[in-house]
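Welcome! Please take a look at it first, and then read on.

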Amino acid sequence: MGVTKTDLFTDSQNELAKIAKVFAHPARIAILEYLIQSNSCINGDLVQELGLAQATISQHLRELKEVGLIKGSIEGVSVNYCIDAVRWAEVQNLFQELFSGFPKISGCC
């Protein structure tokens with residue numbers, strides 16, 4: 001397996017790619033949609049909602065947390081997860097910068 005040469009790319013490009021990778025799994029999209037709808041939840045709520053094993057949900061939550069899309073607060077023996085609003089806006093801006101770079105013209109290459 002080859003080594004990725006991330007040093008060839010800007011910090012912004014590397015960050016956007018890392019975030020896009022997290023968005024690339026349907027379970028993580030489902031978790032984000034659930035959090036957006038419910039404002040917050042614990043792991044057990046997601047297990048019931050998505051039908052995935054608790055260990056699988058925990059893995060996906062860790063991936064989302066590593067890029068900062070969600071945050072968790074300890075409540076008793078559980079962790080309550082929610083969308084990190086500040087980071088969410090930053091990610092939204094990163095994608096918007098990419099998408100707005102394409103001119104709105106008709107035609108093809």
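In which helix do F95 and F99 both lie, and how many residues apart are they? Both are in helix α5, 4 residues apart, which is about one turn of the helix. Please keep in mind that this is a predicted model.

**Aromatic rings**

- The structure has 3 aromatic pairs.
- One of them is edge-to-face, because the rings of F23 and F95 have planes at 75 degrees, with centres 5.9 Å apart.
- F23 belongs to helix α1 (residues 11–23) and F95 to helix α5 (residues 85–100), so this pair ties together parts that are 72 residues apart in sequence.
- F95 also forms a stacked pair with F99, with 6.2 Å from centre to centre and 25 degrees between the planes.
- F23, W88, F95 and F99 make up one aromatic cluster.
- Within that cluster, F23 is partly exposed at 24% relative accessibility, whereas F99 is exposed at 57%.

**The sheet and the helix across it**

- Three strands form an open sheet: its 3 strands come in the order β1-β3-β2, and the pairing is antiparallel.
- β1 (41–42) and β2 (70–75) are the edge strands, and each has a single partner strand, so one side of each has no neighbour in the sheet.
- In general, strands of a sheet pair through backbone hydrogen bonds, in either a parallel or an antiparallel way.
- Strand β3 (residues 78–83) pairs with β2 in the antiparallel sense over 6 bridges, while 2 bridges join β1 to β3, also antiparallel.
- Y81 is a handy landmark in β3: it is the bridge partner of G72, and C41 stands opposite Y81 as well.
- β2 and β3 form a hairpin with 2 residues between them, and G76 in the turn has a positive phi of about 70 degrees.
- Helix α2 (residues 26–38) lies across β1, β2 and β3, and runs at about 85 degrees to β3.

**The cysteines**

- How many disulfides does a search of the whole structure find? The search finds 0.
- C41 is in no disulfide, and the nearest cysteine sulfur, in C82, is 9.3 Å away.

**A closer look at N80**

- N80 is a residue of strand β3.
- Is N80 buried or exposed? N80 counts as buried, with 16% relative accessibility, because the cut-off for buried is under 20%.
- The side chain of N80 makes a polar contact of 3.4 Å with the side chain of E75.
- Leaving aside residues up to four places away in sequence, N80 touches S40, C41, I42, K71, G72, S73 and E75.

Definitions and conventions:
Residues numbered from 1 in each chain as written. Predicted model: local features only at pLDDT ≥ 70, side-chain atom pairs only at ≥ 80, totals over all residues. Heavy atoms only, no water. Pairing = 2+ DSSP bridges. Contact = heavy atoms within 4.5 Å. Axes fitted to C-alpha atoms, helices over the stretch in contact; angles between N-to-C directions. Disulfide = S-S within 2.5 Å. Buried < 20%, exposed > 50% of the residue type's maximum accessible area, 1.4 Å probe, protein only. Polar contact = N/O pair within 3.5 Å; in protein donor to acceptor, adjacent residues only side chain to side chain. Phe/Tyr/Trp six-rings, centres within 6.5 Å; stacked < 30°, edge-to-face > 60°.
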